[in-house]
Amino acid sequence: MSILIDQDQQVRNDFRLFAGRANPALAKEIAALLGVELGKITIGPFPNSETRVQIEESIRGTDIYVIQPTSEPANENLMELLITIDAMKRASARQITAIIPYFGYARQDHKTTGREPISAKLVANLLTTAGASRVMAIDLHVPQIQGFFDIPMDHLTALTTLANYFRDKQIENGVIVAPDVGRAKLAEKYAKILRLPLAIMHKRRNGADGQDVEFVELVGDVKDKTPIIIDDEIATGGSIYEQAQALAAAGAKPAYVSIAHAVLVGPALERLSHPSIREVVTTDTIPVPAEKQLDGKIKVLSIASLLAQAILRVHQHRSVSQVFRDQHLDFAV
């Protein structure tokens, strides 16, 4: 598939696509789809470990699109993005769009107890202060994070990319499983696209860090069916592991897992290796090296086409929502 920017001279001259160091492979794929070269930029550490950024070409009066997920190491990648945006602003870029396929700190979107920060809001403020004119992200942990921004925010979804994979597999006797009530709406979208029944799990988090998960109820029939568990991300894999175990105890077959972001830290790979999990399907919003793919058990789909289409539509002042309407998906972006 090839998506070429309009060959009009003005479009060619005022468009620039740059990449941070967090996911260069995705940035290169997006550039190829758009038919452009990545902008010249040098990023590295000073001797004292501070981040150095140098834009190696003139960007005065241009529309900049910089690709940088704030995945692990989150603080380093976030700081690199902020410094890069600042450098571009000071180099007189006309506007700067931060393409953040994975938006870190999104889990800290509210206070769960006293004297806690709301870090997602802080990150939104930092991006604006650094000089971002617009932000684009995929499958935020909760949609209301869009409201934390005082600049335009395009919220995209990998739902169709992931659902199409399962539709092509033609899973027999499948069932979509929402891991909690918060994911029920997303699960309904999967169920509608794949024309499968829906089950919902109810869980309770225990412990000070909320990492201990106890499942207390399963609503829906999963016996002798193949579950497809949907969620936005897998970090340590604790919840997914417990969900798959609970479904197996209820008589379900080994489960598929569908997520947008494969964070995969700590004991995640060990947990995902369990036979109660058949396959994990994710996207490349975060790089998933071969050694983390469990000999093919973790399937990584490209999200580059979606981002390329969205970038092109933003640059040409066209509807981003139309990308999803063309896929017969009603999704607020």
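What is the volume of the largest cavity? In this predicted model, the largest cavity has a volume of about 30 Å³. The structure holds one cavity of 30 Å³ or more.

The lining of the largest cavity draws on several parts of the sequence. Tyr102, Phe103 and Ala106 are among the lining residues. Ile138, Asp139, Leu140 and His141 also contribute to the lining. Glu233 and His261 complete the set. By residue class, the lining of the largest cavity comprises five nonpolar, two polar and two charged residues. Asp139 and Glu233 belong to the lining, and Asp and Glu count as charged.

The overall fold was then examined. Ten helices and 14 strands make up the secondary structure of the chain. The radius of gyration of the chain is 20 Å, close to the 20 Å that the globule rule gives for 333 residues, so the chain is as compact as a globular protein of that length. Along the principal axes, the C-alpha atoms of the chain fill a box of roughly 60 × 45 × 35 Å.

Of the 333 residues, 51% are buried, with buried meaning under 20% relative accessible area. Among contacts with a separation of 6 or more, 63% join residues 24 or more positions apart. The accessible surface of the chain comes to about 15,600 Å². Carbon and sulfur atoms account for 48% of that surface.

Definitions and conventions:
Residues numbered from 1 in each chain as written. Predicted model: local features only at pLDDT ≥ 70, side-chain atom pairs only at ≥ 80, totals over all residues. Heavy atoms only, no water. 1 Å grid on protein atoms, 1.4 Å probe; cavity = no way out; pocket = protein on both sides within 12 Å on 5 of 7 lines; lining within 4 Å. Points joined across faces, edges and corners; volume = space filled by probe spheres on them. Helix = DSSP H or I, 4+ residues; strand = E, 2+ residues; numbered from the N terminus. Rg over C-alpha atoms; globule rule 2.2 N^0.38 Å. Buried < 20%, exposed > 50% of the residue type's maximum accessible area, 1.4 Å probe, protein only. Contact = heavy atoms within 4.5 Å. Areas by Shrake-Rupley, 256 points an atom, 1.4 Å probe, with all protein chains shown as cover.
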